[in-house]
Amino acid sequence: MPRVAVMGGSVGGLTAALVLRDAGCDVTVFERSSAALQARGAGIAALEATLRYLTERGGRQVAGVCSSTNWIRFLRADGSVRHEQRHRYLFSSWNTIYRSLLGLLDPGRYLLGHEVTGFSQSADSVRVALADGLTADADLLVCADGVSSLARARLLPGVRPSYSGYVAWRGTIPERALPAATRERFGDAITYQVLKDSHILVYPIPGPEGTLTPGERLVNFVWYVNVSEGEELDELMTGRDGIRRAVSLPPGAARDEAVTVMRRAAASELAPPITEVVTGVAEPFVQVVYDIEVSRMAFGRTCLLGDAAFAVRPHAAAGTAKAAADGWALAEEITASGGDVPPALAAWERRQLALGRSLLARCREIGYSSQFAGTFRPGDPRLIFGLYGPGN
């Protein structure tokens with residue numbers, strides 16, 4: 001089976017490394033960060049593909065890494081219930097999933113402080129160049145280096161992120177910091193409020209150390225807000241240090257003026273319990289919502305995986321699941337080809353291009369209905385999270 005180099009050690013890269021290792025490949029992950037990764041405050045809906053490795057091969061129980069909710073609830077501006085329906089979701093945090101996967105990979109196969117700066121390939125192998133001047137040879141290079149992918153820029157220089165016209169304000173607050181009535185209200189539901197050209201959602205996720213005990217978890221919010229491209233977006237995404245960031249302002253980086261404007265809008269527009277969450281978050285952060293679409297994912301002995309290929313809006317809660325599914329499908333095709341990389345990548349690309357295009361189109365449609373068309377409706381079955389379709 002082939003030697004595999006994985007460029008990028010986030011959840012998608014880790015999942016690919018684990019399933020390829022299990023398929024018999026000799027796998028090494030190159031992660032540029034000098035320390036284990038951490039995404040402060042990032043809650044995620046945990047779809048089946050995201051949890052698959054942990055539950056099928058990692059010996060973990062869903063209840064050990066996820067909180068769960070049994071209701072979808074929409075509130076009116078006065079806090080009364082506009083719509084509710086029974087539907088079970090699983091929620092986790094990026095940190096919990098990442099740490100759980102990382103613990104299943106041999107530390108000697110996960111090389112921190114190893115930044116990939118370039119690569120070249122022949123018919124038989126790929127050579128990876130590292131920032132320290134060293135090189136590594138492999139039979140397959142998996143590029144899982146995220147939304148700002150160096151590999152994608154090299155392989156598809158004409159592909160650029162397409163701004164959606166809106167951003168996501170995000171943040172978490174400890175459950176114990178909320179009044180008891182508010183804590184109870186959000187404990188067993190994903191809670192929405194639909195606004196003019198906007199919507200917000202609130203849900204519980206594991207606590208900072210992965211704790212799932214009610215009262216010790218975090219409550220996570222995501223609020224989609226339209227921001228005009230150009231001066232308005234530039235001003236928002238310029239942090240207190242004066243640096244204009246393209247993708248996200250991490251917790252603590254947003255300027256006080258921007259946070260104040262957001263909190264004032266929350267106080268005037270949001271239902272009282274949602275306002276308590278949003279205004280109570282000490283360090284809210286901002287993510288720009290982009291689309292990235294590629295026409296190819298396979299290039300000889302190199303492939304683009306996860307957000308390095310398709311970056312999709314969060315409305316199907318499937319970005320992390322898509323990256324994991326890319327890894328599983330890659331291992332399946334490598335196994336089916338007996339380790340012959342080029343035909344395996346060709347078969348894999350056909351499958352994952354179709355999935356990426358379908359997911360991207362669904363998320364665009366949901367985003368447009370909320371932020372511009374005014375057709376985002378409580379109870380709309382399109383809004384159910386899923387990788388392959390609503391609820392799937």
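**Notebook: salt bridges**

I looked up aspartate 291 and found its side chain meeting that of arginine 313 in a salt bridge (2.7 Å, N to O). Aspartate 291 lies in strand E16 (residues 285-291) and arginine 313 in the loop between strand E18 (302-304) and helix H10 (319-336), so the pair ties together parts 22 residues apart in sequence. Aspartate 291 and arginine 313 are both buried.

I worked on a predicted model, where local features need pLDDT of at least 70, side-chain atom pairs count only at pLDDT 80 or more, and totals for chains, interfaces and linings use all residues. Residues are numbered from 1 along each chain as its sequence is written, and side-chain values use heavy atoms, with hydrogens and water left out.

Terms I used: a salt bridge is a side-chain nitrogen of Lys or Arg within 4 Å of a carboxyl oxygen of Asp or Glu. Helices (H or I, at least four residues) and strands (E, at least two) are DSSP runs, numbered from the N terminus. Buried means under 20% relative accessible area, exposed over 50%, and partly exposed in between (1.4 Å probe, protein chains only).

I noted a network of salt bridges linking Asp291, Glu293, Arg313 and Arg364. The count of salt bridges came to 22.

Next I checked arginine 3, whose side chain forms a salt bridge with aspartate 139 (3.1 Å, N to O). Arginine 3 is in strand E1 (residues 3-7) and aspartate 139 in the loop between strands E9 (135-138) and E10 (140-143), 136 residues apart. Arginine 3 is partly exposed at 34% relative accessible area, while aspartate 139 is buried at 17%.
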